Amino acid sequence: MGVACSGSKRNEQLLLHVDVYIWKEKEKKYHLYDYSSHESHYQQLQLIQDTKLCKYGENILAVQPNQTIEGAQELFVIKEKVLRPITEIWSIIRNDQVNGVPVTNRVQLIPGQTIRLGRVKIILWEACFNQAMATEESEKEKDEDANGLDDSENSNAENSCRICMSKVGTLSNPLINPCQCSGSVKYIHIKCLQQWIHNKFKIRELNNIVLYFWSNLICEICKEQYKLEYKFQNRKYHLIDIPRPKEAYFIFWISHIDKNKEKGLYVINLNGRSNIKIGRVQENDIKLQDISVSRNHALITFNREDESIYLEDLGSKFGTLLQIDQLKLDCKSIIQVANSVFIFDYLRKNQKHYELPSFYKVVEKETQQQPQDCVEDDVLVNVDNNKYLSGDNEAS
Ligand SMILES: [Zn+2]
Ligand SMILES: [Zn+2]
């Protein structure tokens with residue numbers, strides 16, 4: 001049948017109401033929403049049960065999770081009130097409101113999470129509150145290497161390092177293939193690669209902060225971008241091997257949406273510090289010279305006792321964004337996806353009347369003949385979703 005219905009059972013269903021604000025992008029897609037401009041296209045959706053949201057042109061579509069639509073960009077799936085991203089999803093942190101809805105200006109930050117400030121991306125790459133423990137761990141790794149693992153078993157007459165020409169690889173220094181190169185230049189020792197990378201760094205040091213920066217870490221032969229981490233026999237190897245402070249420290253990885261801009265690593269010694277300021281002006285600890293970053297944009301605070309870390313927005317123009325890998329929609333939630341802001345709110349039907357977007361056709365006919373259990377199969381309320389997607393205008 002595939003026709004949505006509006007049986008009486010519907011009225012009891014818990015609905016997810018979604019407000020979407022979509023703004024026009026400039027020719028370069030930086031996904032920056034200027035909250036003061038109000039120049040956005042507005043759309044409302046009402047959803048029940050599991051659904052997948054997609055972007056089709058300038059419109060947001062709700063379809064069943066297993067449904068695919070040609071030409072549409074899949075954004076996320078909502079299943080049992082949990083949102084799971086398909087593309088990059090950002091939680092908005094702002095010292096103000098988003099389209100009239102208050103948002104939090106402070107969230108907990110977990111190492112590894114990506115933060116966005118304007119066009120700049122920051123990852124808290126390493127957070128160490130207890131250097132003694134970190135040293136112990138690296139000693140343990142060295143012991144493992146010494147206990148017979150550190151052998152030359154992966155040497156092969158075919159493979160030789162393209163820098164030092166040696167054919168011997170060990171577990172602490174394996175021969176890896178980090179790019180698209182093949183033939184006699186296919187392999188390189190991780191340590192030879194780290195050394196080569198290190199020579200490309202520019203280094204600046206100030207106030208217990210060491211900044212390493214570079215324009216591009218690409219293979220000079222095949223032009224492939226090197227990854228930050230490589231795996232060999234289930235072990236992880238960092239591409240960048242830099243000295244760590246003896247005390248507590250944070251390492252931040254900074255990159256720009258524009259891939260040709262400089263990238264960098266900030267190694268910040270936490271001794272004598274209670275927070276880390278991020279912004280465009282001089283007095284910040286992490287100074288980002290990009291006009292999309294506010295003068296004083298965000299603040300990172302931490303508690304050495306319980307090792308918790310917090311991210312705070314300082315009233316920035318475009319907000320501070322934090323990438324999320326899932327989101328519980330049990331209360332009002334606000335996210336940004338590409339050039340759209342989504343505001344989710346659970347409510348009961350009839351609590352408030354909402355207009356459906358014009359491209360959804362309301363199905364009025366045969367409602368009294370609909371079997372009650374058809375409710376379970378439909379994703380959208382009052383919307384003949386299949387008809388719209390197949391482009392078939394005839395009612396089935
Ligand atoms: Zn080598
Ligand atoms: Zn290469």
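Helices (H or I, at least four residues) and strands (E, at least two) are DSSP runs, numbered from the N terminus. Two strands pair if DSSP finds at least two bridges between them. The structure is a predicted model: local features need pLDDT of at least 70, side-chain atom pairs count only at pLDDT 80 or more, and totals for chains, interfaces and linings use all residues. Residues are numbered from 1 along each chain as its sequence is written, while chains are lettered from A and ligands numbered from 1 in the order in which they are written.

An open sheet is formed by 5 strands. Their order is β10-β24-β23-β21-β22, and the pairing is mixed. The edges are β10 (106-108) and β22 (286-287). Each has a single partner strand, so one side of each is left without a neighbour in the sheet. Within this sheet, β23 (residues 298-303) and β24 (residues 308-313) run antiparallel and are joined by 6 bridges. Ala 298 lies opposite Asp 313 of β24. Strands of a sheet pair through backbone hydrogen bonds, either parallel or antiparallel.

Lys 79 has Val 82 in β6 as its bridge partner.

The strands β5 and β6 form a hairpin with 2 residues between them. A residue is buried if 20 or more other C-beta atoms lie within 10 Å of its own, exposed if 12 or fewer, and partly exposed in between; C-beta atoms are placed from the backbone. Glu 80 counts as exposed because it has 8 C-beta neighbours inside 10 Å.

A further hairpin is made by β17 and β18, with 2 residues between the strands. Strand β17 covers residues 229-232 and β18 covers residues 235-238. They pair in the antiparallel sense over 4 bridges. Glu 229 is partnered by His 238 in β18. The turn holds Gln 233. Gln 233 is not a glycine, yet has a positive phi of about 45°. Gln 233 has 9 C-beta neighbours inside 10 Å and therefore counts as exposed.
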